[in-house]
Amino acid sequence: MFENFRVFKTEFAGREMSFEVGKMCGLSNGSCLVRYGETTVLVNVTASQKPRDGIDFFPLSVDFEEKLYSVGRIPGSFLRREGRPSEKAVLSSRVVDRSIRPLFPSDMRNDVAVVMTVLSVDPDCSPEVCGIVGTSFALSISDIPWAGPIAGISVGMVDGELILNPNAEQRHKSDLNLTVCGTEEKVCMLECGANEVDNDTMMEAIIKGHQEVQKMCRFIAEVQAEIGKPKFSFESKELDHDMFEAVKEYAIDRVKYALDTDDKNIREERLRPVYEEVHAHFDPIYPEQEMQIDECLYKLQKFVVRRWLLDEGKRVDGRGMDEMRPLAAEVGLIPRVHGSGMFTRGQTQVLTIATLGSIRDSQLLDGIDEETEKRYIHHYNFPSYSVGETRPSRGPGRREIGHGALAEKALRPVIPSVEEFPYTLRLVSEVLSSNGSTSQASICGSTLALMDAGVPIKAPVAGISCGLISEGDGWSTMVDIQGLEDFFGDMDFKVGGTHKGITAIQVDMKVHGISYDVIRSALDKTYKARCYILDEIMLKAIPEVRPELSKYAPKMLTLMIDTEKIREVIGSGGKVIQKISADCGVKIDIEDDGHVFVSGVDMEGCRRAVQIIETIAKDPEVGAFYKGRVTRLMNFGAFVEIAPGKEGLVHISKLDTKRVERVEDVVSVGDEIIVKVTEIDSQGRINLSRRDALEAMEAKKK
């Protein structure tokens with residue numbers, strides 16, 4: 001029945017990877033079922049037959065679909081079906097999108113959709129890598145115009161050894177999580193999280209990953225030559241050359257004047273009358289082609305900026321190629337929040353707020369990987385006012401999710417462990433003004449906010465971007481690109497890191513790829529720039545982490561109890577732990593391994609809760625002091641509860657340092673008093689003394 005069914009196999013990073021075609025999804029333009037170990041991903045690519053009218057961009061959509069059946073789980077929602085994509089799925093989609101987009105014809109307006117459906121997950125074989133390679137395979141054998149193939153690979157590092165496509169155990173120990181995508185000739189996408197890895201090691205990892213990528217590209221090219229469909233022709237939306245030349249001759253001097261400023265607002269003010277004049281002149285000549293005239297003006301701006309950079313080494317704001325915009329850093333701007341920091345770079349400005357919470361505030365994750373929760377969360381918001389626009393807020397899009405994840409990745413290696421700092425951390429970066437590199441400004445602002453909040457980070461982290469302008473074999477990199485240089489340049493190479501090394505990389509391309517020399521130049525320039533930002537800007541705003549948390553932040557104490565005592569601390573139906581929480585005004589979280597986290601705004605309440613828990617979890621010791629509550633009064637003394645379910649007797653003779661005639665003269669039911677354990681008899685009964693406790697406190701004062 002499946003006469004066109006074929007299976008193509010190759011070795012990829014020491015394991016077999018196979019591609020099945022001709023059996024499934026016969027109506028797609030291109031399809032393949034990728035198997036790598038027991039990981040199985042179905043990839044389909046489709047394209048519309050006709051171009052979409054009224055747009056000036058290539059309409060590509062990429063979706064990485066996580067199916068929970070792939071890991072043998074039922075979704076936890078009310079509907080028991082997958083809902084909106086997880087953050088991990090969005091990030092995986094963006095990695096593939098950024099890898100393949102530059103290789104499509106820029107003048108094509110046919111819709112193209114890529115759908116990667118994860119059917120099965122082997123923890124040792126990354127479904128994301130399968131998605132990248134499978135997308136390249138499906139596009140290559142399809143009839144959709146595309147200048148691939150590409151391939152992608154994951155690179156880890158365990159005990160200083162670089163590992164290609166590391167397994168689950170190796171990923172857990174790895175100091176590097178690098179994804180390298182490339183063609184046979186060049187690197188076309190980088191995404192990385194790292195534990196302060198130096199430039200030389202990073203360069204070695206990129207080269208090693210790309211060498212394996214080159215082998216896969218050659219394999220896919222061979223399959224394409226064997227079974228690939230002829231690429232379909234499409235209606236080109238390339239600008240009319242004569243129209244562009246006419247607009248260029250008419251407006252180039254006006255455009256140069258408009259662009260020659262470091263102020264985005266002035267630039268837009270100057271450009272507005274240029275657009276009006278050009279339309280007034282050319283609309284009668286080219287009727288009903290207003291959009292094409294706008295495209296000519298956009299292309300003219302790109303032409304001017306690129307010629308300045310390539311021919312004169314001139315940037316629109318007059319900076320040198322390795323010079324950064326004016327920088328500023330501030331902390332403690334917002335009252336009552338737990339920490340705040342604002343970082344300004346030219347007209348880019350980001351304010352980050354840090355919030356500390358209890359361990360129970362950790363985010364629960366419902367995805368296909370092994371991570372089920374996280375205690376460090378970074379959110380990035382990009383409101384319309386930050387670019388002077390008026391569109392309504394509709395929640396975070398893929399770009400916001402991606403930028404937040406990049407900042408989170410950059411700071412994760414310096415966040416203290418839960419044992420060192422038992423808090424959940426949420427950082428929110430609010431973009432106040434945007435003119436390029438807001439994601440990197442959010443890294444700097446987040447470091448400031450964490451230090452202002454008193455979080456004992458291992459080292460401060462800064463972020464900076466590097467751009468590229470290239471033509472033929474010639475190229476030049478520039479540090480700290482602003483908006484125009486991002487729009488009209490060829491690369492946005494973002495690097496976050498400490499003095500010691502890199503913690504995050506994200507590279508976006510508008511060209512088919514970059515050479516190793518370009519990567520080395522970008523790494524060197526961003527290292528020098530981020531050290532300057534750290535030393536001369538950020539650490540002058542706040543030289544070290546604040547010694548104390550904000551008075552508005554919850555205070556946290558931890559202790560370890562025997563796992564067999566967890567049931568006693570929780571109590572039947574949670575009654576004991578709920579009572580402790582209510583009486584002391586705290587939150588209590590207990591882990592299965594016996595770790596107990598107590599949080600509350602009042603430190604005294606936290607200490608009281610810890611003492612109660614310790615009393616429950618440990619048998620009272622003779623000589624120990626406890627704060628207890630009087631529960632009953634008798635003629636011969638008072639019963640005091642030193643912990644839920646643990647009560648002792650204070651004999652009337654031990655109630656005070658002076659003689660007591662009646663118990664009621666000294667204590668009442670509900671009173672909290674300090675007592676000392678004087679005896680535990682053979683039947684487990686506890687004898688207490690308030691007198692001994694009072695004498696001990698008096699002696700301490702002296």
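When I say contact, I mean heavy atoms within 4.5 Å. Keep in mind that this is a predicted model.

Let's start inside. The largest nonpolar core has 84 residues. M202 and F493 have the most contacts inside that core. Which helix gives the core its largest share? Helix α4, residues 199–227, with 10 residues.

Now look at M202. Setting aside neighbours within four places in sequence, what does M202 touch? Its contacts include L176, L178, C192, A194 and V197. I502, I505 and L523 are in contact with M202 as well.

There is a second, separate core. This one has 48 residues, among them L327, A449, M451 and L534. As a general point, nonpolar side chains in soluble globular proteins tend to be buried together.

On to helix α9, residues 438–453. Buried or exposed? Mostly covered: 16 of its 16 residues are buried. At 1.5 Å a residue, 16 residues should span 22 Å, and the end C-alpha atoms of α9 are 22 Å apart, so the two agree. Just after α9, G454 takes a positive phi of about 85°.

Next, helix α14, residues 603–617. It has 15 residues. First C-alpha to last, α14 reaches 21 Å, close to the 21 Å expected. Buried residues in α14 include G605, C606, R608, A609 and V610. Further along α14, I612, I613, T615, I616 and A617 are buried too.

Last stop, residues 623–691. An unreviewed UniProt entry annotates this span as "domain: S1 motif".

Notes:
Residues are numbered from 1 along each chain as its sequence is written. This is a predicted model: local features need pLDDT of at least 70, side-chain atom pairs count only at pLDDT 80 or more; totals for chains, interfaces and linings use all residues. Side-chain values use heavy atoms; hydrogens and water are left out. UniProt positions are given in the numbering used here, feature names are shortened, and annotations may be inferred rather than shown by experiment. A nonpolar core is a set of buried Ala, Val, Leu, Ile, Met, Phe, Trp, Tyr and Cys residues joined through side-chain atoms within 4.5 Å. Buried means under 20% relative accessible area, exposed over 50%, partly exposed in between (1.4 Å probe, protein chains only). Helices (H or I, at least four residues) and strands (E, at least two) are DSSP runs, numbered from the N terminus. The expected span of a helix is 1.5 Å times one less than its number of residues.
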